[in-house]
Amino acid sequence: MYGKAFAPEYQGELGAALGVNSSYEDVLATANRARSTAGTALERARAALAVAEANRRLGRVDDAGAAWRESYRSARTAGDAAAMSWALWSGGTLARQCGTLPLARRLLTHAVALADGSGDRLAHGYALAGLAETGRIQGDYAAVAELHEQLLEQGRAHGEARHMVWAMSGIAQMHRNTGGYDKALELFEESARIATEADDARGRAWSLRGIADVLSVQGEPDRALALLSEAEAICRTMDLASALAYNHKMRGNVQYRAGRYEEARETYALALREFSEMQEPRGVALSRLGLAKSRARLGRDPYETLAELADLERDFTRIGLRHARDMVIAFRAEVTAPPAAETPAPRCDATTLRSPAVPARS
């Protein structure tokens with residue numbers, strides 16, 4: 001059994017005022033008030049952490065970066081290792097969001113060590129989950145599969161729905177990316193069920209996006225689009241700017257797979273604008289890839305497509321996204337493949353036709 005989802009990143013008095021489904025504009029306003037009235041370094045650290053997380057979710061990466069650093073400095077002044085760990089978790093998560101994956105791994109590794117020494121089990125679990133997510137995004141499945149399973153067991157042992165949703169959806173994504181669609185769908189659906197029962201709207205939105213992805217691959221675009229519409233409503237209610245952009249990028253994927261290339265082109269362009277505004281290079285690159293593929297299907301000059309694919313391959317290599325780089329290579333092979341040879345039409349020349357031989361009577 002799992003309890004109701006909660007948000008341990010909101011600490012002290014903020015924990016009583018805010019919940020897992022609070023809109024991030026509300027979180028930001030409440031946390032800024034708490035920061036302005038903080039009487040101790042630890043109170044400032046906790047308030048700045050909430051400010052950082054709200055800004056990160058709203059796509060305001062510069063403000064998020066300044067806030068998590070302020071949280072860390074205040075936590076260090078207070079001599080509180082757990083608060084320092086939470087600040088580094090926030091910074092590592094922001095670094096991953098911004099496509100700086102090596103920095104994300106360094107910060108999250110330090111967060112794990114600090115949390116381990118402090119005895120804060122939740123900070124330790126969140127930092128481990130961050131490391132697992134970073135490795136999965138990089139495509140380093142062998143390294144993080146066991147870590148995802150550990151998180152799954154921790155979630156079950158302590159009845160923590162958010163950990164269950166994170167771990168289960170991460171494992172599902174690895175199955176999906178390696179062709180295990182039935183298993184991926186089963187895990188995404190279970191993740192959505194747990195999130196719903198725990199009243200974790202954000203977790204439900206993540207899970208619905210995963211279900212939609214698999215259904216689309218299996219040839220059910222209309223069901224997939226309906227689920228994405230439900231997830232989009234959740235993202236808008238909670239001011240989840242980054243999640244909304246990824247939702248739009250997935251909608252473009254579904255439309256593309258269904259052969260609706262003009263719709264896909266428009267949707268990818270929307271996602272690209274959203275990711276560009278929030279300075280999220282991973283989302284920018286993925287949207288550009290979808291846009292390039294859609295334009296190619298709509299008749300774009302192959303040489304222009306190949307030039308863009310070369311640029312995208314460099315971006316994915318720099319960011320460290322192995323699965324995305326493989327997608328670029330696969331589509332380049334499609335673009336450069338020689339056209340299929342035409343089967344010659346059967347010759348139909350009346351002057352050469354002969355009557356079939358008639359067997360002689362015996």
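# Aromatic rings, cavities and a pocket

Modeller: In this predicted model, one aromatic cluster is formed by Trp86, Trp89, Tyr126, Trp166 and Trp206.

Biologist: How many aromatic pairs does the structure hold?

Modeller: There are seven aromatic pairs in the structure. One of them joins Tyr126 and Trp166, whose ring centres are 4.7 Å apart with the planes at 65°, and since an angle over 60 counts as edge-to-face, the pair is edge-to-face.

Biologist: Which helices do Tyr126 and Trp166 lie in?

Modeller: Tyr126 belongs to helix H7 and Trp166 to helix H9, so the pair ties together parts that are 40 residues apart in sequence.

Biologist: Are those two buried or exposed, Tyr126 and Trp166?

Modeller: Tyr126 counts as buried, at 2% relative accessibility, and Trp166 is buried too, with a relative accessible area of 18%, where the cut-off for buried is under 20%.

Biologist: And what about the rings of Tyr246 and Phe275, how far apart are their centres?

Modeller: The centres of the Tyr246 and Phe275 rings lie 4.6 Å apart and the planes are at 65°, so this pair is edge-to-face. Tyr246 sits in helix H13 (residues 241-257) and Phe275 in helix H14 (residues 261-277), so the pair ties together parts that are 29 residues apart in sequence. Both Tyr246 and Phe275 are buried.

Biologist: Switching to cavities, how many of 30 Å³ or more are there?

Modeller: The count comes to two cavities of 30 Å³ or more, and the largest cavity has a volume of about 70 Å³.

Biologist: Which residues line the second largest pocket?

Modeller: The second largest pocket, with a volume of about 250 Å³, is lined by Gln11, Gly12, Glu13, Leu14, Ala17, Thr30, Ala34, Thr37, Ala38, Glu43, Arg46 and Ala47. Helix H1 (13-17), helix H2 (24-37) and H3 are the elements that give two or more residues to that lining, which divides into five nonpolar, four polar and three charged residues.

Biologist: Last one, Gln138: buried or exposed?

Modeller: Gln138, which lies in helix H7, is buried, with a relative accessible area of 11%.

Biologist: What does the side chain of Gln138 make a polar contact with?

Modeller: The side chain of Gln138 makes a polar contact with the side chain of Arg105, at 2.5 Å. Leaving aside neighbours within four places in sequence, Gln138 is in contact with Leu101, Arg105, Gly320, Leu321 and Arg322.

Definitions and conventions: Residues numbered from 1 in each chain as written. Predicted model: local features only at pLDDT ≥ 70, side-chain atom pairs only at ≥ 80, totals over all residues. Heavy atoms only, no water. 1 Å grid on protein atoms, 1.4 Å probe; cavity = no way out; pocket = protein on both sides within 12 Å on 5 of 7 lines; lining within 4 Å. Points joined across faces, edges and corners; volume = space filled by probe spheres on them. Phe/Tyr/Trp six-rings, centres within 6.5 Å; stacked < 30°, edge-to-face > 60°. Helix = DSSP H or I, 4+ residues; strand = E, 2+ residues; numbered from the N terminus. Buried < 20%, exposed > 50% of the residue type's maximum accessible area, 1.4 Å probe, protein only. Polar contact = N/O pair within 3.5 Å; in protein donor to acceptor, adjacent residues only side chain to side chain. Contact = heavy atoms within 4.5 Å. Nonpolar A, V, L, I, M, F, W, Y, C, P; charged D, E, K, R; others polar.
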